[in-house]
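Hi,

Here is the structure for your files. My notes follow below it.

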Amino acid sequence: MKKDKTSTDIKTKTTMVIFGGTGDLTHRKLIPALYQLYINKYLPKDFSLISIGRRDKTTEEYRNDLLASTKRFSTRNLDDESFDTFSRMITYFRLDFDNEKDYDRLLEELKERDQKDILDNYMFYLAVSPDYFTEIVENLKTSKIRKKKSNWQRLIIEKPFGQDLESATKLNEAISKVFDEKDIYRIDHYVAKEMIQNINMLRFQNAIFESIWNRNHISSVQITVLEKEGVGTRGGYYDDTGALRDMVQNHLLQLLAITAMEPPKTLDADDVRNEKVKVFKALREFKDEHLSEKLILGQYNGYQKEDKVDDASTTETLVATKVYIDNKRWEGVPFYLLTGKALKNKTAQITIEFKNSSRYHYGASSEPNILEIKIQPDEGITLHLNVKQPGVIDKMAMVEMDYCQSCLYLFNSPDSYEKLILDAINGDSTLFTRWDELQLTWKYVDSIISSVKDDKSSYLRCYEMGSDGPDELKSFIQSGAKHWWYLNREY
Ligand SMILES: NC(=O)c1ccc[n+]([C@@H]2O[C@H](COP(=O)([O-])OP(=O)(O)OC[C@H]3O[C@@H](n4cnc5c(N)ncnc54)[C@H](OP(=O)(O)O)[C@@H]3O)[C@@H](O)[C@H]2O)c1
């Protein structure tokens with residue numbers, strides 16, 4: 001009897017096509033990530049890469065450029081011999097995004113690579129300015145590349161996905177005409193960081209945490225992503241964007257959803273993303289009343305003198321906001337989101353402050369238990385406990401139980417892009433942002449932006465470069481938490 005053809009019987013080969021192959025992201029992140037996947041044998045067997053740029057270059061020249069940049073940017077050792085075999089999978093292809101005929105040439109290039117009885121997987125990666133997202137996707141359609149017979153075709157698209165709900169919707173409408181939602185992989189590289197993926201494990205695989213992960217035991221949650229650098233060479237982009245759009249709409253709200261979501265039915269992409277969507281839907285509406293209690297915007301001194309920044313700019317380089325999730329688990333628990341540039345420390349962490357349950361007085365008042373999930377630069381988890389100080393007199397002390405992931409393992413954690421590229425090849429979209437997540441987060445951030453629109457300069461607090469941010473941050477946190485706990489750390 002004739003056996004049915006199953007998907008495992010189909011022979012495939014995978015071609016990744018990077019638009020923006022000469023750009024910073026490709027050199028800094030994508031190629032080093034692909035090289036790591038290659039040496040760890042995670043890439044599919046018949047994998048090749050077509051890297052697109054508009055400059056005239058031979059493939060040989062391009063491969064030499066990649067060797068130099070990977071040596072510079074890779075976090076792990078690079079071996080010339082294995083890089084040489086890796087780079088043989090890479091072809092440089094000159095194409096101008098605006099030139100339709102160049103896409104026809106790309107189709108021909110893909111056809112030339114066809115092999116009998118082998119179906120192709122195509123992964124199109126848009127490592128380009130968002131101004132080109134729609135144009136490239138539409139050209140994939142008109143050139144008939146999308147119609148080419150294949151096993152699958154997927155689109156990876158970099159952030160920023162729009163500048164507000166309106167522009168994100170327009171962009172989404174355009175790309176949805178060419179790719180189905182299930183084949184669109186919208187990147188938020190933050191979500192793929194090791195310790196963020198660890199949150200699910202920590203919450204759902206440890207009874208001691210899952211049972212107390214709620215309003216009865218937690219008094220506040222602080223999500224902080226701080227940078228030491230100012231805007232540097234990105235002034236032009238940043239001045240039109242600001243911290244709310246650049247950080248809060250994506251990274252910080254994603255961290256909030258992962259921390260706060262209900263346990264998903266399974267760890268499948270849609271179950272996880274459904275739970276995140278429920279969190280976004282439960283965010284308390286951001287109304288423009290009592291603003292000082294729930295929003296601080298800051299700008300570092302000297303920002304207006306940065307290259308390509310308007311000298312009267314009111315763009316915020318720092319945001320602190322207090323968010324509530326109106327559901328049974330989190331009713332009344334403030335989530336503090338804080339992000340900023342040109343600050344004293346570079347750090348990203350989630351701090352859970354537990355309710356203080358001390359019964360007795362041991363000479364000093366006890367501190368609440370604190371759980372710190374450290375994302376960067378250190379990766380790990382610290383639990384703060386009250387214990388008895390050794391001695392004949394009963395005295396209390398605060399100690400830290402520390403799991404330092406980045407010190408414990410002898411290898412560096414993989415870069416987010418390794419995980420994201422591999423997941424996209426494997427068709428796992430758990431860590432990629434679904435359209436309904438984007439819609440809800442843009443709607444939320446748009447409402448914050450419009451609440452200060454008419455009088456933004458009066459809300460903007462100045463802070464010194466290299467400081468802890470504007471003075472107002474201190475009283476802001478004290479309305480619902482004991483401290484900004486990250487400030488107690490020594491870096
Ligand atoms: N860089 C990062 O670390 C980073 C991190 C997160 C997200 N992103 C996002 O990733 C995307 C790319 O950023 P990037 O920093 O890599 O930008 P970039 O360095 O400016 O690179 C842009 C790329 O697009 C190409 N390009 C521009 N116009 C073209 C045209 N008309 N035809 C053909 N090619 C053209 C450039 O080619 P030429 O070199 O020939 O000009 C270059 O390869 C952006 O959406 C950014 O927001 C970047």
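Helices here are DSSP runs of H or I with at least four residues, and strands are runs of E with at least two, numbered from the N terminus. By that rule, Ser176 sits in helix H6 (residues 165-176).

Two points on conventions. The model is predicted, so local features need pLDDT of at least 70, side-chain atom pairs count only at pLDDT 80 or more, and totals for chains, interfaces and linings use all residues. Numbering runs from 1 along each chain as its sequence is written, and side-chain values use heavy atoms, with hydrogens and water left out.

Back to Ser176. Its relative accessible area is 35%, so it counts as partly exposed (between buried, under 20%, and exposed, over 50%; 1.4 Å probe, protein chains only).

Now the ligand. There are 21 residues around it, and Thr22, Asp24, Leu25, Arg55 and Val128 come nearest (near: a heavy atom within 4 Å). Helix H1 (residues 24-39) gives the largest share of the shell, three residues.

The N/O pairs below fall under polar contacts (N or O atoms within 3.5 Å):

- Leu25: a backbone N or O atom is 2.8 Å from a ligand oxygen.
- Arg54: a side-chain N or O atom is 2.9 Å from a ligand oxygen.
- Tyr132: a side-chain N or O atom is 3.4 Å from a ligand nitrogen.

Alone, the ligand exposes 900 Å², and the protein buries 77% of that (Shrake-Rupley, 1.4 Å probe).

Best wishes

How values were computed: A polar contact is a pair of N or O atoms within 3.5 Å; within protein, one must be able to donate a hydrogen and the other to accept it, and residues adjacent in sequence count only if both atoms are side-chain atoms.
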